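The topics are grouped below.

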Amino acid sequence: MPVLDYRLTQEHETLRKTVAEFAHDVVAPVIAEYYERDEFPYDIVRQMGELGLFGLPFPEEYGGMGGDYLALCLAIEELARVDSSVAITLEAAVSLGAMPIYRFGTEEQKRTWLPKLCSGEMLGAFGLTEPGGGSDAGATRTTARLENGEWVINGTKAFITNSGTDITGLVTVTAVTGVGEDGRKEISSIIVPSGTPGFNASDTRELSFDDCRVPEANLLGERGRGYAQFLQILDEGRIAIAALATGLAQGCVDESVKYAKERQAFGQPIGKYQAIQFKIADMETRAHTARLAWYRAAEKMLRGEPFKKEAAIAKLYSSEIAVTNAREATQIHGGYGFMNEFPVARMWRDAKILEIGEGTSEVQRILIARELGL
């Protein structure tokens with residue numbers, strides 16, 4: 001009789017182990033120094049590119065590795081077990097930077113941008129969120145008008161990951177390009193290359209457009225379908241964020257087990273005390289369950305089945321348990337949990353954003369309820 005089998009294929013398991021070793025051997029020893037210096041880890045990103053991580057889910061004809069979305073998520077989880085900032089760099093570069101071009105771009109756009117995005121030589125970003133918008137992405141105020149074969153863009157975006165690095169090559173932005181017959185805003189997606197006059201990105205990842213002109217051919221996908229396209233990209237991206245959150249939650253377990261074996265209190269390792277054992281057991285249970293949730297969502301996506309509800313469930317649950325595990329890991333570490341040399345200090349700071357980015361927990365609950373017919 002048929003059975004559910006969540007075992008990874010040999011190819012996927014080999015990839016997982018390779019990324020796990022990279023995270024342990026390359027990222028872990030140096031990432032704290034990047035935080036101390038407040039520097040972007042360009043050398044780590046370069047090595048990730050050499051491993052082919054940025055091209056994992058894309059066809060070889062565009063410079064990719066010919067893998068699938070599961071492979072990407074496995075890599076993201078393993079990176080996040082060590083550092084979520086490196087993991088989110090990969091997640092955003094692929095899910096938000098390159099994937100819209102692959103899904104909706106013309107053949108010329110794909111061949112122009114994807115090879116460099118897949119190699120990690122260039123990072124892409126997606127500019128949706130605006131200072132006064134947040135979850136209400138349909139309230140976009142940035143505008144773009146056609147003038148002599150060019151899109152003239154004006155407006156501001158905020159909190160755009162990967163948009164302000166030295167290797168950012170493009171940002172795809174949503175902008176109001178007209179008003180439909182029903183009176184609703186016509187929102188389109190437009191590719192804006194870095195360095196375009198009138199386009200500025202700040203260190204706080206705020207983007208501003210002041211009569212920024214790009215060719216009419218930079219329209220990504222069908223005019224007026226920009227918002228709908230991005231909702232599709234978000235459904236996929238939520239699986240990747242769930243994998244990242246699972247990795248962070250598992251990293252909290254890893255660090256807590258290590259610390260509980262080393263830290264002595266009242267004459268023995270604190271891991272010998274049932275209170276600590278129970279905390280860590282609960283943390284492991286949460287991480288394990290979160291992994292099953294994103295595996296299920298990824299499975300449905302790869303089968304071509306509807307997966308919106310499963311992606312929302314995975315994103316909601318994994319992001320919330322990442323916060324819980326980070327809090328518990330900090331409690332186990334005590335005062336050391338606030339010291340930068342201990343990874344859990346970073347994990348505690350990094351976890352909360354996972355309940356906000358790519359759809360807040362409240363938005364996920366709305367989506368789940370809608371899928372249930374409410």
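**Pocket, cavity and helix geometry**

Helix 7 gives the most to the lining of the second largest pocket, with five residues. The model is predicted, with local features needing pLDDT of at least 70 and side-chain atom pairs counting only at pLDDT 80 or more, while totals for chains, interfaces and linings use all residues. Residues are numbered from 1 along each chain as its sequence is written, and side-chain values use heavy atoms, with hydrogens and water left out.

**Second largest pocket**

- A pocket here is an open set of points on a 1 Å grid over the protein atoms alone, with protein on both sides within 12 Å along at least five of seven lines; a cavity is a set of points where a 1.4 Å probe fits but cannot get out, and lining residues have an atom within 4 Å of a point.
- The volume of the second largest pocket is about 470 Å³, where a volume is the space filled by probe spheres set on the points, and grid points are joined across faces, edges and corners.
- Elements that give two or more residues to its lining are helix 1 (10-27), helix 2 (31-37), helix 7 and helix 10 (343-351); helices (H or I, at least four residues) and strands (E, at least two) are DSSP runs, numbered from the N terminus.
- The second largest pocket has 20 lining residues, and His 24, Ala 28, Arg 81, Val 82 and Glu 255 are those nearest its centre.
- By class, ten of the lining residues of the second largest pocket are nonpolar, two polar and eight charged (Ala, Val, Leu, Ile, Met, Phe, Trp, Tyr, Cys and Pro count as nonpolar, Asp, Glu, Lys and Arg as charged, and the others, Gly among them, as polar).

**Largest cavity**

- The count comes to one cavity of 30 Å³ or more.
- The largest cavity has a volume of about 40 Å³.
- Its lining consists of Ala 80, Val 82, Asp 83, Ser 84, Leu 248, Pro 343, Arg 346, Met 347 and Asp 350.
- Helix 10 contributes the most to the lining of the largest cavity, with four residues.
- Five residues in the lining of the largest cavity are nonpolar, one is polar and three are charged.
- Val 82 is among the residues that line the largest cavity, and Val 82 is also one of those nearest the centre of the second largest pocket.

- Helix 7 (residues 226-262) has 37 residues and should span 54 Å at 1.5 Å a residue; its end C-alpha atoms are 53 Å apart, which agrees. The expected span of a helix is 1.5 Å times one less than its number of residues.
- A kink of about 25° in helix 7 is centred on Glu 236; the bend at a residue is the angle between axes fitted to the seven residues ending there and the seven starting there.
- Buried means under 20% relative accessible area, exposed over 50%, and partly exposed in between (1.4 Å probe, protein chains only).
- Helix 5 (residues 84-104) has 21 residues and reaches 28 Å from its first C-alpha to its last, close to the 30 Å expected at 1.5 Å a residue.
- At Ala 98 helix 5 bends by about 45°, and a proline, Pro 100, follows within four residues.

**Cysteines**

- The structure has zero disulfides, a disulfide being a pair of cysteine sulfur atoms within 2.5 Å.
- Cys 118 is in no disulfide, and the nearest cysteine sulfur, that of Cys 73, is 16 Å away.
- Cys 118 is buried, at a relative accessible area of 2%.
- Cys 252 is likewise in no disulfide; the nearest cysteine sulfur is that of Cys 73, 19 Å away.
- Cys 252 counts as buried at 0% relative accessibility.

**Exposed residues**

- Glu 50 is in helix 3 (residues 42-51) and is exposed, with a relative accessible area of 59%.
- The C-alpha atoms of Glu 50 and Cys 118 are separated by 9.9 Å, and the two are 68 residues apart along the chain.
- Asp 38, in the loop between helix 2 and helix 3, has a positive phi of about 55° although it is not a glycine; Asp 38 is exposed at 71% relative accessibility.
- Phe 159 has a positive phi of about 60°, although it is not a glycine, and is in the loop between strand 3 (150-157) and strand 4 (168-179).
- Phe 159 is exposed, with a relative accessible area of 67%.
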